[in-house]
Amino acid sequence: IQGEGGVNTAPQGFSYLEEIRQLCNQHNWLMMLDEVQTGNGRTGKYFAYQHTNIVPDVLTTAKGLGNGFPIGAVMTQGRGVGVLTAGNHGSTYSGTALGSRIVYTILDIIQKENIVANAAEKGAYIVEQIRSQLGDQHITVRGFGLMIGIELPKACGELVDIARDEYKTIINVTAGNVVRLLPTLNITQEQADQLIERLVKMIKAYLA
């Protein structure tokens with residue numbers, strides 16, 4: 001899923017990854033995936049590629065891995081293992097005892113509190129409600145899990161300030177006219193309903 005570009009998804013969903021996997025196998029190429037934004041439960045699976053049956057050779061992730069603490073990871077398997085050898089991969093924030101403990105704790109919470117399943121359920125609910133309540137506003141709603149984009153028919157960068165000042169809601173606008181939603185993965189039903197109510201009211205007023 002393209003994050004900064006406007007939460008863009010492929011028309012066929014994730015199935016194109018299976019075709020890329022086949023091409024990589026055919027030509028003996030490494031399949032490398034960037035799951036910095038999409039990983040750690042964001043799309044309703046722990047990693048976005050898990051919406052398919054493929055397995056990449058190399059995968060990078062960060063952001064949700066540390067839940068605000070700066071840390072990233074590179075994972076390899078199969079032919080991808082040779083990408084990293086001792087001493088050739090370094091990072092300012094990698095491998096510290098504190099960072100490793102934080103990651104362990106976050107993974108433990110994600111598992112025990114069913115965070116990934118919650119992201120899938122609440123994300124589908126938010127998308128459905130926004131589509132049904134704003135269906136007459138010429139908008140497009142897309143995404144997976146709690147990585148959601150609401151494309152408006154006109155530029156909407158000023159909604160960042162309007163949302164904060166008038167609706168007490170923090171949003172992001174990317175690609176000029178896409179409201180990007182990345183709610184906390186443990187969002188409750190009550191919080192989801194509050195978010196939907198404020199967004200619908202704000203967008204209707206903005207497009208009026």
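## The largest pocket

In this predicted model, 18 residues line the largest pocket, and Asn 40, Arg 42, Gly 64, Asn 67 and Leu 185 are the ones nearest its centre. A pocket here is an open set of points on a 1 Å grid over the protein atoms alone, with protein on both sides within 12 Å along at least five of seven lines, where a 1.4 Å probe fits; lining residues have an atom within 4 Å of a point. The space inside comes to about 420 Å³, taken as what is filled by probe spheres set on the points, with grid points joined across faces, edges and corners.

What does the lining consist of? It divides into 7 nonpolar, 8 polar and 3 charged residues. Nonpolar covers Ala, Val, Leu, Ile, Met, Phe, Trp, Tyr, Cys and Pro, charged covers Asp, Glu, Lys and Arg, and the others, Gly among them, count as polar. Helix α2 (residues 97-112) gives the largest share of the lining, 3 residues. Helices (H or I, at least four residues) and strands (E, at least two) are DSSP runs, numbered from the N terminus.

## The three-stranded sheet

Strands β1, β2 and β3 line up in that order as an open sheet with mixed pairing; two strands pair if DSSP finds at least two bridges between them. The edges belong to β1 (32-34) and β3 (73-76), each pairing on one side only. From one strand to the next, the twist averages 15°.

β1 and β2 run parallel, joined by 3 bridges, and Met 32 sits opposite Val 58 in β2. On the β3 side, β2 (residues 58-61) runs antiparallel to its partner, with 4 bridges between them; there Thr 61 faces Ala 73 in β3.

## The four-stranded sheet

The other open sheet described here has 4 strands in the order β4-β5-β7-β6, with antiparallel pairing. β4 (140-144) and β6 (172-174) are its edges, each with a single partner strand, so one side of each has no neighbour in the sheet. Neighbouring strands are turned by 25° against each other on average, direction ignored.

β4 and β5 make a hairpin with 2 residues between them, and Gly 145 in the turn has a positive phi of about 55°. This antiparallel pair is held by 5 bridges, and Phe 144 stands opposite Met 147 in β5. Further along, 4 bridges link β5 (residues 147-151) to β7 (residues 178-181), also antiparallel, with Ile 150 across from Val 179 in β7.

## Where α4 meets α5

The axes of helix α4 (residues 159-167) and helix α5 (residues 189-207) come within 11 Å and cross at roughly 125°. Axes are lines fitted to C-alpha atoms, for helices over the stretch in contact, and angles run from 0 to 180 degrees between N-to-C directions. That angle makes α4 oblique to α5: under 35 degrees is roughly parallel, over 145 roughly antiparallel, 65 to 115 roughly perpendicular, and the rest oblique. The crossing is right-handed, meaning the near helix is turned clockwise from the far one by less than a right angle.

## Ground rules

Residues are numbered from 1 along each chain as its sequence is written, and side-chain values use heavy atoms, leaving out hydrogens and water. For this predicted model, local features need pLDDT of at least 70 and side-chain atom pairs count only at pLDDT 80 or more, while totals for chains, interfaces and linings use all residues.
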